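Hello,

Here is the structure we discussed handing over. My notes on what was found follow below it.

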Amino acid sequence: MIIETRTPEETFALGKKIGEQACPGQIYTLNGDLGVGKTVFTQGVAVGLGIQEPICSPTFTIIQEYESGRLPFYHFDVYRIGDIEEMEEIGYDDYFFGQGICLIEWAELIEEILPDRLIRVKIEKNLEKGFDYRKITVEGIEE
Ligand code: ADP
Ligand code: MG
């Protein structure tokens, strides 16, 4: 599935729709360069799950948990991970194989421990189509 957006609101709305439809145990990976809209998208997913709090980037903590929505939401940012050991230390498998929703930014850095069943979200710019244009590719979602 490929979705094109031209405003942050549209990217937020896509995240929200995905959050509304998310099922227990799903793992979403989210890739895209800095400033492309990963946080905008993630905030939409959270609102779709019924979470009211603002999403803070978990860059320094690896994971941020939100328990106030329809399902637990585990937001990972593994950008600063030095060693896969750090994932063991936070007990990642309880999250990956639990009943909540995982969303992992920079997931390519921990490819070796990712389960096979993933929903991959990729956000890309294309400056030829305008500064606010984004191409969002979603792979692995069950329709
Ligand atoms: P990231 O988390 O990927 O570093 P952010 O979500 O923090 O990026 O920031 C994305 C920025 O791009 C925001 O300032 C947002 O307003 C802007 N933006 C412009 N157009 C779009 C779009 N179509 N979708 C998402 N964000 C957009
Ligand atoms: Mg961000």
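The shell around ligand 1 has four nonpolar, six polar and five charged residues (Ala, Val, Leu, Ile, Met, Phe, Trp, Tyr, Cys and Pro count as nonpolar, Asp, Glu, Lys and Arg as charged, and the others, Gly among them, as polar). This is a predicted model, in which local features need pLDDT of at least 70 and side-chain atom pairs pLDDT 80 or more, while totals for chains, interfaces and linings use all residues. Residues are numbered from 1 along each chain, chains are lettered from A and ligands numbered from 1 in the order written, and side-chain values use heavy atoms, without hydrogens and water.

There are 15 residues around ligand 1, and those that come nearest are Thr11, Gly35, Lys38, Thr39 and Asp132 (near: a heavy atom within 4 Å). Helix H1 (8-21) and helix H2 (38-48) each supply at least two residues of that shell, and H2 gives the most, with three (helices are DSSP runs of H or I, at least four residues; strands are runs of E, at least two).

Polar contacts are pairs of N or O atoms within 3.5 Å. A backbone N or O atom of Lys38 is 2.8 Å from an oxygen atom of ligand 1, and a nitrogen atom of ligand 1 lies 3.1 Å from a side-chain N or O atom of Thr5.

The structure holds three salt bridges (a side-chain nitrogen of Lys or Arg within 4 Å of a carboxyl oxygen of Asp or Glu). One of them joins Lys129 and Glu4, with the closest N and O atoms 3.7 Å apart. Lys129 lies in the loop between strand S6 (119-125) and strand S7 (134-139) and Glu4 in strand S1 (residues 2-5), so the pair ties together parts 125 residues apart in sequence.

Regards

How values were computed
Polar contact = N/O pair within 3.5 Å; in protein donor to acceptor, adjacent residues only side chain to side chain.
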